[in-house]
Structures are given as C-alpha cells and as structure tokens.
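Let's take a walk through this structure together. Have the sequence and the 3D view at hand, and we'll go stop by stop.

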Amino acid sequence: MADDLRTLLFEIKPSSGIPIYRQIIEQVRRLVASGALRAGEELPSIRQAASHYEINPMTISKAYSLLEKEGVVEHVRGGGMRVASLHSAARTPRKRMDLLRPALREVSTQANQLGLSRTEVLEALSAYLEENDEP
Amino acid sequence: MSHNIAELTNIRKRFNVRSVLMGLNLNVPAGTVLGLMGRNGAGKSTLIKCMLGLLKPDAGKATVFGEDAWNLSMAAKQRIGFVPQTMPGFRWMKAGTFLDYIGSYYQRWNREKAFTMMKEWGISAGMRISRMSEGEIQKLSIIRALVHEPGLLVFDEPVASLDPLARRDFLRQIVELGMDETRSMIFCSHIASDLERVASEIVIIKDGVVALRGELSTLQERIRRIRIQSNRILCPPIPVRNIIHSVVEGSTAEVTVEDVPDEEIMSLGEKLSARVTIESLNLEDIFMEVNR
C-alpha cells in the first residue's frame, strides 16, 4: 500500500523539454517544502521508479544524487533514499522563497509578453494572495 | 570501468552510387542504452547490420565483444539479440514451435520466460505466424531476441506496429534489462518520447556520420531556443555565438544556439532592446534542429 503511494509521487512528462531528472528534482523539492513528503519518508528506489515510470535508471539516480548534494534527501542503510531530517530545520523563509522564484520568473515573463504594467500585475497578484489568506 | 561492447571505427559503406556510411565512428560502452535516430535513409539499419556482421563494410573496422563483426564466433553470436524491422520467414510455423526452434540454437534460452511473455502479450502458442498481425509478429520477434539474455540487444524500429499498451510493456522490459550494467542496447526509433524515457544516450546520424551524441539532459542544456521580441526591426544576423539556425521576421526572431551560457543569451535583451526568452527543447525539436 505505502509502496504504491510512493511510486505514484512523480509526474513525468518526457517531451516537455525539461530534462526528466530536473522534473524529479523540482517535484521532490516542492513535495518536501509543502510538507507532503516528511522527514524520514522514503523515496521509491531507483529500480522501482525506473520500471514504474519506464525511464532510464540513470536519470533517476542523477536526480537523487543531486538532491542528496542539496541535502534534501539522504541515503538509508540498505540502499534507499529518504527525506533528510536536516531539511525540515533548513526550511527557512529564504529557501522557501527560492522554491517560488521559478514561478515568479514565469509570471514576470508572461506579464511582459502580454504588455501588462507592473502595477496591474502586482495588484492581481496581491488579490490572489488575499484570496489565499482568507480561511 | 566501462569497456566497449561494440565499436565502429571509420566505417564506410556504399550501395552502388549511394554512399550511406561515410567514415562513421561509434562506440557502445557497457551499460548504455543508445537511442539511435536519423532520417529515413540516413543509414541506421546499415550501421546496425555492419555492427552485427550482417553486412560487410567497404572500409573501417567493426567489432563486437572484441571480435571482428564479420567473423563472429558462435559464442559471440549467442550473446547478441536483434529485432530487425521485419522478421524474415518462418511464416508457416506456429508461435510456440517457432520459439522452440529458435531456442534450440541458444545455450541460455529461457523457455519459461519466452512462454510467459507470449501469454502476457496475448499470443497463443498454437497460432500460425502467417495468421498473425504485424504487431503480433513484432511481439514474437522481440520475445525471440530477449529470452537468451543477450549482452548486446539491438532493436531496429521495434515498436512501429505495437499498440500503446504493448509499447509501454516493451519499454518497461527495456528499462529492466538495462539494469544489468554489463548489457548494452541500441534502440532505433522515430518515436522521440520513447527514447526520451529509456535511452541513456542519444545518437543522431546524418550524412553518413554521427552528427550529435550525448546524454539527453546534457543535449537539452546545450541546445536552446531563444525567442526575441524587439520594439524595432531586427537585422540579421542576431549577435550571438554558435547559431544552429535562425529566423528573423520584422521585430521578432527565433534563434537556436549551442553551448551559449544563459547570461550571454539574456544580454541580447539590452543589445537589441528586446524581450528575450529561453526555451528548452525536447528530443524531437533537437532532432529537427540537427536535420535542418
């Protein structure tokens, strides 16, 4: 049961233009930041993930080893990977902001392309933020 | 650590007046899944046949497991699995008899696996090959190539007639077989998304040689498309290095570049007083760029 849940973690889009290992990295970061993946929770093994998503195992191991370097995940004895416990402590506002940056950059690019003014965009954004603030 | 399972060195092959391979070099390290692409007639099948000793190159050297491809020992042949574009002959045989017949040539034939796969893919052992659909024949051909656990597995357009479910099943088999790091595979296909999934490296051939080779994610990071939207008319050429291809239309331009750092690309914004966006490419896009 738990195994099934864990292998369904990722959403892989091969032809999106974003390298698959980067898709995995971004999704794990986001899942960890949002608390959907908690410290100590194990990620699917490289083998499990490779055959479940039908992708080359090296792609997954590349993603995992980069996540390990970032300190997001750590090795478990026996070969698996789990969400690092340090990472919850390191979830500073700055780190959370870093996770939001790509989305913000995308918004600013699109706003630019659409020729919207800074005030208009900021107004729209704060409306969304307020919407989310309301319980 | 990684030795080469197969090596092609300076291979030349022509058919009458048509030169197909023109000094092609390709090594296949152990543990790789090479995704081989090229336009129709680019020479993919010729390359494969030269590698497997099914065609004699006019010049150059082809080796498999360290042996000359044209004079492979029985032991080396036992370690090769090949799924050709079309399966030759045997139409009068029944599926099960066919697999048993082929199996009799192999020391490491896994009969149980062959019959399990046949069942999983909905082929009954008693079905005559001449009565099978193209897809079913392709499945049988794949089973035949897999079950003696070869060290070199070569697929020449293996999935063209497979239905989507069988194709995904096949990809899973490839991934699982690929976990054995002593094995190498060459997977030739026009379905870019399949190669994006399972290949560890992409090889694109063009004009008889390897035009591009690399890990897909590396290629995606090297080759980028730039969109430029200026508020004045742009004059070609766009001032950026390593342009593979560029289209300029009035105040907009689309430029594909290779190995240019993002900062350098973004600096175009100031130079051209333009909005600059960088787009990453998928394998199909990269293939198109290489073949323009």
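Start at A:M97, which sits in helix 6 of chain A. Keep in mind as you look around that this is a predicted model. A:M97 belongs to a nonpolar patch on the surface, together with A:L100, A:L104, A:L122, A:L125 and A:L129. Taken together, these residues have about 510 Å² of accessible area. Which elements give two or more residues to the patch? They are helix 6 (93-114) and helix 7 (118-133) of chain A.

Now turn to the place where the two chains meet. Here 23 residues of chain B are in contact with 22 residues of chain A. Between them, the chains bury an area of about 2,000 Å², and carbon and sulfur atoms give 49% of that. On the chain B side, the residues that lose the most area to chain A are B:M179, B:R197 and B:R275, which together make up 31% of what that side buries.

What about polar pairings across this boundary? There are 16 residue pairs in polar contact between chain B and chain A, counting pairs with both residues at pLDDT 80 or more. Several pieces of chain B take part in the side that touches chain A: helix 6 (164-177), helix 7 (192-198), helix 8 (216-222) and strand 14 (274-280) each supply at least two residues. Helix 6 of chain B gives the largest share, with five residues. Sort that side of chain B by class and you get seven nonpolar, eight polar and eight charged residues.

Next, the salt bridges. Over all chains the structure holds 22 of them, and four salt bridges run between chain B and chain A. In one, the side chains of B:R168 and A:E54 come together, with 2.5 Å from N to O. In another, A:R22 pairs with B:E221, and their closest N and O atoms are 3.0 Å apart.

B:N242 isn't a glycine, yet its phi is positive, at about 50°.

Notes. Residues numbered from 1 in each chain as written. Chains lettered and ligands numbered in written order. Predicted model: local features only at pLDDT ≥ 70, side-chain atom pairs only at ≥ 80, totals over all residues. Heavy atoms only, no water. Contact = heavy atoms within 4.5 Å. Buried area = accessible area lost by both parts, 1.4 Å probe. Polar contact = N/O pair within 3.5 Å; in protein donor to acceptor, adjacent residues only side chain to side chain. Helix = DSSP H or I, 4+ residues; strand = E, 2+ residues; numbered from the N terminus. Nonpolar A, V, L, I, M, F, W, Y, C, P; charged D, E, K, R; others polar. Patch = residues over 30% accessible without salt bridge, like charges linked within 9 Å, V, L, I, M, F, W, Y side chains within 5 Å. Areas by Shrake-Rupley, 256 points an atom, 1.4 Å probe, with all protein chains shown as cover.
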